[in-house]
Amino acid sequence: MTLRDLVVIRLGVAVNLVIGQVAAALLLPVFLDTIGTVLVAALVGPRAAIVAGLTSQVLNAVLSGNFTWLPFGLVQIVIALYAALAARLGAFRRLSTAIPAGLLLGLVAASASAPISYFLFGGVTAGGVTAVTTVIRALGAPLPVAVAAASYSTDLLDKSLVFALVAVVLRSLPHQMAVRFPMLAR
Amino acid sequence: MIGYLPGRSSLHRAHPYTPLAVAAGLLFLAFAFRSPAAVWAVVVAAAAFAAAGGVLGAVLRPAAMLALPTWILLTVLHGLLGGPPHLALGPLALSAPGVERALVFGGRIAAILFAFLTALATVAPPRLVEAMTARGVPFGRIYLLVSTLTVVPRMRARVRQIIDAQQCRGLRIGGSPLARVRALGPLVVPLVLSALAEVDEQALALDVRGGSAAGRRTALAPPADHAGDRLVRWTVLVGVVAAYAWKFAGAGR
Amino acid sequence: MNAGPASGAAASGHAIRFEDARFAYGGTEVLHGVTLDLPAGSAVAILGPNGAGKTTLTRLLIALLRPRSGRVLVGDWDVATKRPDEMARRVGYVFQHADQQLFERTVRRDVAFGPRCLGRPAAAVERALEELGLVVVADVHPYDLPPPSRKLVALAGVLAMEPGVLVLDEPTAGLDRVGRDLVVAALRRRNAAGVTSVVVSHDVAFVAESAERVVVLREGVVAADAPARKLLRDAAALAPLGLEPPPAAALGLALGLPGAPIRVDECVAALQGARWRGA
Amino acid sequence: MTALVTLERVGFRYPGSARPALRDVSVTIDAGTVTGVTGLVGSGASTLLLVAGGFAPRLTGGALTGTRHLATERVGIVFATPWTQLTGLASTVLGEVAFGPASLGRPREAVLAAAERALRDLGVAHLAERDPATLSGGELQRVVVASVLAMAPDLLVLDDPAAELDPAGADGLYALLPSVAARGAAVLVATPDTERLARVADRVLALEDGRLVRAGPATAVLDDTDVARIARAAGCPAPLPLDVAAALGRIAR
């Protein structure tokens, strides 16, 4: 891994850690906190994206104090690999492919996080998702179904927006910047 | 929420790896047990860990603030909405297995929070950097973990500045959901582009200061690693291995 | 996008009034009652050491901050009743690191972003590009330009909004002489059309070229408010700010040139008028 | 004097750019001198620094033509924005400055000695124990220069190093450059600030559209400071005076 890759990964992690501020300013009910990981996957590749995702998970815990999120690092690996594959297949070239790819990632990510949430924490994860879980459970759904449904509904919106935004960013890259990332040319 | 709190406790003076190892050990132990009593024994151990660092009081508040909402949700999710048999508690009927489950999951959360908040409060980041450098941890790993944290305040300031600047160009931060989603572009794209534009400068600045040097870096003030430190870390490792051996041998309950 | 009042529509400028304006970050008051009257069309520079409250003062003008007490008026608008995106109809604010706000794929599209948000005509975009010498790069990606040129793109984006008040924070940092001259010319042109300009800068030579009046802020109060021609020739007044008179003023003083010149072209005119000779 | 950098008919093109950023540049840079590089934005001054320092195309990509001979591998670089150049790993100024020598794996005492000497040379020894995050821009930029000098570079290149500083900070920074050269290093500094450049540069290179159009002492090359513009209008013949003191003897009634 070159120094430049390292600097790009740090940038991706930093974006993950601060992007919530934008969503909060706009009062949008999404995390967007994987956008840096997905960007690194598209610009540098899967290995760098995994490093970015895991680092983000650890630093998120350090910054928020909420270390119960640590086991969800596994989800970050899934996201990194999926995003790199999506980039390889050209999913970010158009919004019309990026958004469905993001929706699919939402399904994949939720499928990875719901079991962690269910088996390790009895259905409790990050604040908003748990509240949704409780509501669905109160409506009469069995607990595993409630956990899954809550994870899916939040992840679908979040990940499709993340993919759409990364597609917009990649399309907005100036030519001289873009040629510096060989991954993009593929 | 909480950061390093200077102090002179045994944890503050220990090799930085020791509190981290204890915290990690407590996390693994919390998941090793499935009975409320065992899990809460781990919570007590984690609280004792915090007390040993002299930060129990300081850690209690953030731990409670982080744990309480999830405890409440757990109580509702498992206690009120759980299956039979139910226990009557005044006007409420709580599910007995549900309460047990809530106690287990709630205990795990409490133990993890106590353990890691204590490590966070007692391990000084510069000492950790020195310890990792002395151990020959690759530069990239140290850089990503530590340097990223120092860059976050600047990135936050930049997000704020971009939001301000686009508002001053007439962008409305608010309005319909669709308008707010559309406002993401003018806010997110400049954040990423302006950061990417600095990548070469940052890589060059690291390069001229030996960032790509291959050999082992010099630690300027490597923290001492005493026999006691090593004993504690080995004990933690043995304890975790034993607990999981016991668990997978089918005695976890 | 924004259906605001039509009153702020282009061309003529707005007066600015600070009436005993105070501002505090949390418990610390950083502006202790500033009163200023800047008529429409004035060209004002704000000088002062770091931490004197210069940026706080200018941020009040576009409602990024609200005064804790007192009033700030832009024309007949009380900024306390407006959001920044509403103030943008009257006040064009160019941030110190304005290059960080660019995001469109061509210079022209980025310059057009502000006018598009405000629903203003696109003709101003071409005028702004021309004013700052950006026509040749109008179809280039802003990030394919060197950083100083990006600063000019950001400035053009604000000029294209045709605000009645222009606020510029350190607009010349990193610019070459050609860029500085373009900024000076654009400001003078706007002032002549009645636009009020407020410039925060450490660059005294640029201040001399672009301002008629200088307000000195120190520790949150107005320490001096004088014509630029007077203050910028006063080495003793500038020294505590870590500044010196600009070269043109210093040369004018040393040679005893008539008319108290502080600008390059004023010095040139004075030298030619009195038939000085260079050797 | 020994030539540290020799460029013969050098051209350079950035990746993805059709237009060369440098064309047919031949120049030598000597040890122990301050060389200024100036030109309008886009004239290639920054590129010349990267090429002369050996950073382009190694770290930037792109294509170099002609012959470049660089007599040293120890090259330092300083940019305008201090915050892109800090490692973000150190909690003290001393630690930040020591990062470079430490990454070479030199003994602890040698690392600290190099860092302390660099801090003293730049007059910022009193900041050694401060957290870099609490410094002003001017202080920070001096720390950046110290960090680079701690690596004992034979060639120091600076790209508009005072663009973000106030006048006092900028004067202070430029005043340091001759003392760096006096210790034997070659200093190469690019800036549009011809007034300050004229004060410190032994030699100035003027670029236009990627070509070297003039080279020589500041008074022979520069003609666009405010004072020079005024003197020209007064009919002064070349070489034009560049600052007020020089102009006084040259303009008379």
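The radius of gyration is taken over C-alpha atoms, and the globule rule is 2.2 Å times the number of residues to the power 0.38. With 186 residues, chain A would have a radius of gyration near 16 Å as a compact globule, and its value of 16 Å agrees with this.

This is a predicted model, in which local features need pLDDT of at least 70 and side-chain atom pairs count only at pLDDT 80 or more, while totals for chains, interfaces and linings use all residues. Residues are numbered from 1 along each chain as its sequence is written, and chains are lettered from A and ligands numbered from 1 in the order in which they are written.

**Chain A**

Helices (H or I, at least four residues) and strands (E, at least two) are DSSP runs, numbered from the N terminus. Chain A has 10 helices and 0 strands. A residue is buried if 20 or more other C-beta atoms lie within 10 Å of its own, exposed if 12 or fewer, and partly exposed in between, with C-beta atoms placed from the backbone. Two residues are in contact if their C-beta atoms, placed in that way, lie within 7 Å.

| Property of chain A | Value |
|---|---|
| Box of the C-alpha atoms along the principal axes | roughly 55 × 35 × 30 Å |
| Buried share of the 186 residues | 58% |
| Share of contacts between residues at least 6 apart in sequence that join residues at least 24 apart | 67% |

**Domains of chain C**

An automatic or database domain assignment divides chain C into domain 1 (6-239) and domain 2 (246-279). Their centres, taken over C-alpha atoms, are 29 Å apart. Each domain gives 8 residues to the contact. On the side of domain 1 of chain C, helix H8 (204-210) and helix H9 (228-231) of chain C give two or more residues each. The largest share, 4 residues, comes from H8(C). This side has 5 nonpolar, no polar and 3 charged residues, where Ala, Val, Leu, Ile, Met, Phe, Trp, Tyr, Cys and Pro count as nonpolar, Asp, Glu, Lys and Arg as charged, and the others, Gly among them, as polar.

**Helix H12 of chain C**

In H12(C), residues 264-273, the buried residues are Val264(C), Glu266(C), Cys267(C), Ala270(C) and Leu271(C). Seen down the helix axis, they fall within an arc of 165° (from the directions from the axis to the C-beta atoms), so they line one face of H12(C). They pack against helix H11 (247-255) of chain C and helix H8 (226-233) of chain D. The face turned away from the buried side carries the exposed residues Gln272(C) and Gly273(C). After H12(C) comes Arg275(C), with a positive phi near 55°.
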